Amino acid sequence: MAKQIALFNHKGGVSKTTSAFNLGWMLAKKGKKVILVDCDPQCNLTGMVLGFKKSDEFDAIYKGKGIRNIRDGLAPAFESRPTAIEPVICLTIKGQSNMLLLPGHIGLAEYEVTLGIAQELSGSLVTLQNLPGSLSHLFNITAEKYNADIMLVDMSPSLGPINQNLLMTSDYFIVPMAPDYFSVMATDSLASVLPKWASWSKQAKIQPLLQKATYPFPDKNPKFLGIIVQKYRLREGKTPSAAFQKWIDEIEEGVRTRLVPVLRQNGMLLPDQIYKAAGVQPAKPLIQMSDFNSLIALSQKHKAPVFDLTDKQLEQTGVVLEITKKSMRQFHEIFSAGADRIIAIIDNA
Ligand SMILES: Nc1ncnc2c1ncn2[C@@H]1O[C@H](COP(=O)(O)OP(=O)(O)O)[C@@H](O)[C@H]1O
Ligand SMILES: [Mg+2]
C-alpha cells in the first residue's frame, strides 16, 4: 500500500508547496511512483503544476469526463450521494512520468465545517459516519489505481478539521519551517495541538460507528520524519548568515526540547534505530537549504524542479550560467540526500 506523507505546518509561506513539488520530483526520480495531493483550497500546488493559470482555466481541467479533483472525489460522501467514492483521474506532470497530481479545488473549503462536526461528534451521528474515513479512502483507491508508492500531501496553513484528518490519517509527516520567529512560535503550537489530535484519533479508531462506516476511519499512527528548514541567506556562499543561524538554532532547540518529547509521549516517533539507520536525527533538519534565489522563478516558469533546469531554461550564458549551475547541483545533492533518508525510513519502518 502507498505510504502517505503529509507536509504540515499551520504557518503559511514556509515552503510546504515548494517542497512538495521538488521533493516529490526527487523521490520520483529515484524510482518511487509519487502522487502529489493538493489539499489546500488555495490550490497553489495545482496552479504551480499547471503553470499558474487563471481560475477559469482550472475549470477546464476539472471539466473532462470522470472525477478530476479532490472536491469531486469526496462529493459522494459529503453530499450524501448514492454513488460510491471512486479514484480521481490524476494529471500527468510534464518531464516526470513517475509523478502525478491529484488536483485541488477551492470548494474543498466548503467541506471543512461538516467534517469538523463529524469529527467532534466522533461517530455518534449515523449520517456523518462516512466522513472521517472518506479522505483516506479516496487517496487509497487513487494510489491503487496508479500503483503509487507515495502520496505526498500538501496542506493548507491551518489547524482546521481537514488538516487534523489529513495529519492523523497519514503514515508520516514532515514539518517545513522558515528560519524566523514565526516558525519558532509554530513549533510550540504544534506541541500543544498534536496531543489533542492524537487523542481524538485514538478515540476515532475504536468508535464502532466509524468502524462500521462505508469508509471506515483508518488505523494509522503517523510518525514524524523531521523538519525542513529553508530560505535562509548564505554567508560567503557556505553557511547560513548569523541572523538566520540564530533562528535555525532556536528552531532546533524548540524541536528538540519541546516538540520531540511531546511526539514521543504520543507515539508519533519511530524507534530510534530506524532514524539512526537512515542517518536522521529527529531534532535536526531532515533537509536544510538556502534561498533558491533566481532558480525559484525559473522553476515556476518552466514547471520544473529547482535542481533540474536545463541550460536553455536557465536563460543564462558564460560565467553567470556556470555559477547558477553550480548552485543547482548543490540543491540537487541536498534534495537527493533528503529523499534517500526518507526512502531509507519508509522502506524499513
Ligand atoms: N528555498 C526557497 N528559496 C526561495 N524562495 C522560496 C523557497 N521556498 C519557497 N519559496 C517561495 O516562498 C513562497 C512560499 O512558499 P510556499 O511553498 O508557497 O509555502 P507554503 O506552501 O508553506 O505556504 C513562495 O513564493 C515560494 O516560491
Ligand atoms: Mg502552500
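Predicted model: local features only at pLDDT ≥ 70, side-chain atom pairs only at ≥ 80, totals over all residues.
**Stop 1: the whole protein**

Start with everything shown as a cartoon. Turn the view about: the C-alpha trace spans about 65 × 50 × 35 Å along its principal axes. How does the radius of gyration fit a compact globule of 349 residues? Such a globule would have a value near 20 Å, and the protein has 20 Å, which agrees.

**Stop 2: around ligand 1**

Now select ligand 1 and the residues around it. There are 16 of them, and those that come nearest are Ser15, Lys16, Thr17, Thr18 and Phe292. Two elements give two or more residues to this shell: helix H1, which runs over 16-29, and strand E7, over 223-232. Which of the elements gives the most to the shell? That is H1, with three residues.

**Stop 3: from H1 to H14**

To see where they touch, show side chains for Asn22, Leu23, Met26 and Leu27 on H1, together with Phe335, Ser336, Gly338, Ala339 and Ile342 on H14. In this contact six residues are nonpolar, three are polar and none is charged.

**Stop 4: H8 and H10**

Are they roughly parallel or roughly perpendicular to each other? Their axes come within 9 Å and cross at roughly 5°. Angles under 35 degrees count as roughly parallel, and H8 and H10 are therefore roughly parallel to each other.

Next, show the side chains where the two meet. On H8, select Ser183, Val184, Thr187, Asp188, Leu190, Ala191, Leu194 and Pro195. Their partners on H10 are Trp247, Glu250, Ile251, Gly254, Val255, Arg258, Leu259, Val262 and Leu263. Colour this contact by class as well, and you will find 11 nonpolar, three polar and three charged residues.

Conventions
Residues numbered from 1 in each chain as written. Chains lettered and ligands numbered in written order. Near = placed C-beta within 6 Å. Helix = DSSP H or I, 4+ residues; strand = E, 2+ residues; numbered from the N terminus. Contact = placed C-beta atoms within 7 Å. Nonpolar A, V, L, I, M, F, W, Y, C, P; charged D, E, K, R; others polar. Axes fitted to C-alpha atoms, helices over the stretch in contact; angles between N-to-C directions. Parallel < 35°, antiparallel > 145°, perpendicular 65-115°, else oblique. Rg over C-alpha atoms; globule rule 2.2 N^0.38 Å.
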